[in-house]
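Hi,

Here is the structure I said I would pass on.

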Amino acid sequence: MAASSELAILVACALLLAAACGGAPELEVGYYEETCPEAEAIVRAAVSEAVAVDAGVGAGLIRLLFHDCFVQGCDASVLLDPTALNPRPEKLGPPNIHSLRGYEAIDAAKAAVEEACPGTVSCADIVAFAARDASYLLSGYRVDFKMPAGRLDGRRSNASDTVPSLPPASASFTELVDNFANKGLDAEDMVVLSGAHSVGHARCSTFAADRTDVDADADIDPSFARSLRRRCARAENGTDGKEQDGPTVSQDAVTPTELDSQYYRNVLKRRVLLASDAALLETPEAARMVRDSASVGGRWEKKFAKAMVKMAGIGVKKAGRHAEIRANCRVVNY
């Protein structure tokens, strides 16, 4: 009888929502319809304003979701500022410290949401909404999807977690697949999400050492490698795109401010910045996925939308002492 009861409980748990059985909470489209119906519109307005001023902020917001979700799950831990008790949060980790942006757009969205609905909308959901809205705007409205919500904000953020969790710019195809698989994403998700590299900039220091030497690197178009070397040199000398944290160049020189499938055509022509971009041609199956994404007709845009939702569901926190809805996205509640 006891064995039958235990089996019944296990079956019930398999049928119930994961949250009801102690697993990850179930995210829902329209999660705030009753508690804060204007939340998503408020976030979209803040993102639209920021992207209108600087399209690079939109690219930063898409990247922010990726860097948040791959470290400790989608819990806005990447937003936390250093404090006396936690001097090295995720945003100071090597993959983040000189590359992430969009924090101010999240701050603006959070402030406006808090004014409308205090203590209701998590920073983690705002990050997810903002990435969706940035995708919509930068794609010329072609990447259009609903983002489920119901995430909570984490209280742990440590720079030491970033390097083991985020794939390096030098990653091989196998390393990329393994890294994404650890987060519940498959090889096609990885190839599709790599298309986010069609917008934004990369620091020369992340690729110049092994992507501008045409004699050493056979997986890059020689003329493109020479162009990168010249562009990085001009930036270093102060005549082109130099930023506080080092010279940068556009990740996609063809359509630098558009989230589109041009990235995959660049991959096929071996005209991409990072070794991890070039790695998408390492296997016949990966190359097939690249060719499929390079085609016109909105195929990649639909797959990207689906993969973004899937990624935004990684490691969602359940209610407890390690999760909350922050009043300020940069600090935990006290």
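Let's start with a salt bridge: the side chains of K317 and D75 meet at 2.9 Å, N to O. K317 is in the loop between α14 (299–311) and β5 (323–324), while D75 is in the loop between α3 (55–69) and α4 (103–116), so this pair ties together parts that are 242 residues apart in sequence. D75 has 1% relative accessibility, so it counts as buried. Before you read on, keep in mind that this is a predicted model.

How many salt bridges does a search of the whole structure find? The count is 20. Another of them joins the side chains of D81 and K91, at 2.5 Å from N to O. Both of these residues sit in the loop between α3 and α4, ten residues apart.

Then go to R132 and D133, whose side chains meet in a salt bridge of 2.9 Å, N to O. Both residues are buried. They also belong to one network with E40 and R44, joined by salt bridges that share partners.

**Aromatic pairs**

A pair of aromatic rings is described by how far apart the centres are and by the angle of the planes. With rings counted as paired if their centres lie within 6.5 Å, the total comes to nine aromatic pairs. In one of them, the rings of Y31 and Y32 have centres 4.9 Å apart and planes at 85°; that angle is over 60 degrees, so the pair is edge-to-face. What about the surroundings of these two tyrosines? Y31 has 37% relative accessibility, so it counts as partly exposed, whereas Y32 has 4% and therefore counts as buried.

Y32 has a second ring partner in F129: the centres are 6.4 Å apart and the planes are at 75°, so this pair is edge-to-face too. Where do the two residues lie? Y32 is in the loop between α1 (2–15) and α2 (39–53), and F129 is in helix α5 (residues 123–138), so the pair ties together parts that are 97 residues apart in sequence. F129 is buried, as is Y32.

Elsewhere, Y263, Y264, W300 and F304 form one aromatic cluster.

**Helix α14**

Two members of that cluster, W300 and F304, turn up again among the buried residues of α14. Which elements cover the buried residues of α14? They include α3, α5, α8 (187–193), α11 (262–268) and α13 (284–294).

The length of α14 can be checked too: at 1.5 Å a residue, its 13 residues should span 18 Å, and the end C-alpha atoms are 18 Å apart, which agrees.

Best wishes

Note on methods: Residues numbered from 1 in each chain as written. Predicted model: local features only at pLDDT ≥ 70, side-chain atom pairs only at ≥ 80, totals over all residues. Heavy atoms only, no water. Phe/Tyr/Trp six-rings, centres within 6.5 Å; stacked < 30°, edge-to-face > 60°. Buried < 20%, exposed > 50% of the residue type's maximum accessible area, 1.4 Å probe, protein only. Helix = DSSP H or I, 4+ residues; strand = E, 2+ residues; numbered from the N terminus. Salt bridge = Lys/Arg side-chain N within 4 Å of Asp/Glu carboxyl O. Expected span 1.5 Å × (residues − 1). Contact = heavy atoms within 4.5 Å.
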